[in-house]
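Subject: The structure for you to look at

Hi,

Here is the structure I promised to pass on. Have a look at it first, then read on for what turned up in it.

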Amino acid sequence: MSIDLDQLRTSFTNTPLDEADREEALRLLLRERRDGDADLLRHLLTQETAAHQEGWGVSEALGLAALLLAECGREEDVWALWEAKNASFDTMAGLDGFLLFPAGIAGTTAHVIAGEDHPERGDLMTYLSEYLEYEKLTDEDIREHMAGLRSHYEG
């Protein structure tokens, strides 16, 4: 299947995508992402996450989906990114923790703190706190990491 990105943007919930289709769509989105693509990217990340819960390793597609969603900068996407990181032992090790700060450190952390009813809140807060303490990250560090990862996928 050759992906028509404009059509996919409007009908992604009704379009069955296999692994190759998702990877093709993500590669197109790497070059042509729009501000309104967050829902599509979240959908693709959710599908990649589900596939990784059943398998081994970390695919390029999962990493790319996580990066593109994180680049959208929406604090609420931290939950989908956390779910992707927790899909398996391999994804926990293979997806970098800096992707868990889509709205920067303060914005994302405040959103997680406010999510009192979210079942993953405690685990995510613990992870974020330990990650920040160990890495001593700043928002600039996160932007640089994301730019480096983007460069990797574009290369």
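This is a predicted model: local features need pLDDT of at least 70, side-chain atom pairs count only at pLDDT 80 or more; totals for chains, interfaces and linings use all residues.

Let's start with a term: rings of Phe, Tyr and Trp (its six-membered ring) count as a pair if their centres lie within 6.5 Å, and the pair is stacked with planes under 30 degrees apart, edge-to-face over 60 and tilted for the rest. By this rule there are three aromatic pairs.

Residues are numbered from 1 along each chain as its sequence is written, and side-chain values use heavy atoms, with hydrogens and water left out.

**The rings**

A pair of aromatic rings is described by the distance of the centres and the angle of the planes. For Trp82 and Tyr127 those values are 5.3 Å and 50°, and the pair is tilted. Trp82 sits in helix H5 and Tyr127 in helix H8, 45 residues apart, so this pair links distant parts of the chain. (Helices here are DSSP runs of H or I with at least four residues, strands are runs of E with at least two, and both are numbered from the N terminus.)

Tyr127 also pairs with Tyr131, this time stacked: 5.8 Å centre to centre, with 15° between the planes. Why are these two about one helical turn apart? Because they are four residues apart in helix H8.

Tyr127 has 19% relative accessibility, so it counts as buried, and Tyr131 is buried at 12%. Trp82 is buried as well. Ring pairs join Trp82, Phe101, Tyr127 and Tyr131 into a cluster.

**The core**

A nonpolar core is a set of buried Ala, Val, Leu, Ile, Met, Phe, Trp, Tyr and Cys residues joined through side-chain atoms within 4.5 Å. The largest one has 45 residues, and Leu8, Leu26, Leu45 and Leu124 touch the most other members. Which elements give two or more residues to this core? They are H1 (5–11), H2, H3 (38–53), H4, H5 (78–85), H7, H8 (121–135) and H9. H4 supplies the largest share, nine residues.

Take Leu124: leaving aside neighbours within four places in sequence, Leu124 is in contact (heavy atoms within 4.5 Å) with Val78, Trp79, Trp82, Leu100 and Val112.

Helix H9 covers residues 139–154, which makes 16 residues, and reaches 22 Å from its first C-alpha to its last, close to the 22 Å expected at 1.5 Å a residue. (The expected span is 1.5 Å times one less than the number of residues.) Its buried residues are Ile142, Met146, Arg150 and Tyr153. Seen down the axis of H9, these fall within an arc of 75° (taken from the directions from the helix axis to the C-beta atoms), so they line one face of the helix. Among what covers them are helix H2 (19–32), helix H4 (60–71) and helix H7 (104–114).

Now look at H3, which has 16 residues and a reach of 22 Å, close to the 22 Å expected. Its buried residues are Ala38, Leu40, Leu41, His43, Leu44, Leu45, Glu48, Thr49 and His52. They pack against H1, H2, H4, H5 and helix H6 (89–94).

**A few single residues**

Thr109 is in helix H7 and counts as buried at 17% relative accessibility. Its side chain reaches the backbone oxygen of Ile105 at 2.7 Å. Leaving aside neighbours within four places in sequence, Thr109 is in contact with Phe101 and Met125.

Glu76 is in the loop between H4 and H5, partly exposed at 34%. Its side chain makes a polar contact with the side chain of Arg74 at 2.9 Å. (A polar contact is a pair of N or O atoms within 3.5 Å; within protein, one must be able to donate a hydrogen and the other to accept it, and residues adjacent in sequence count only if both atoms are side-chain atoms.)

Finally, most residues other than glycine have a negative phi. Lys136, in the loop between H8 and H9, has a positive one, near 55°. Lys136 counts as exposed, at 59% relative accessibility.

Cheers

How values were computed
Buried means under 20% relative accessible area, exposed over 50%, partly exposed in between (1.4 Å probe, protein chains only).
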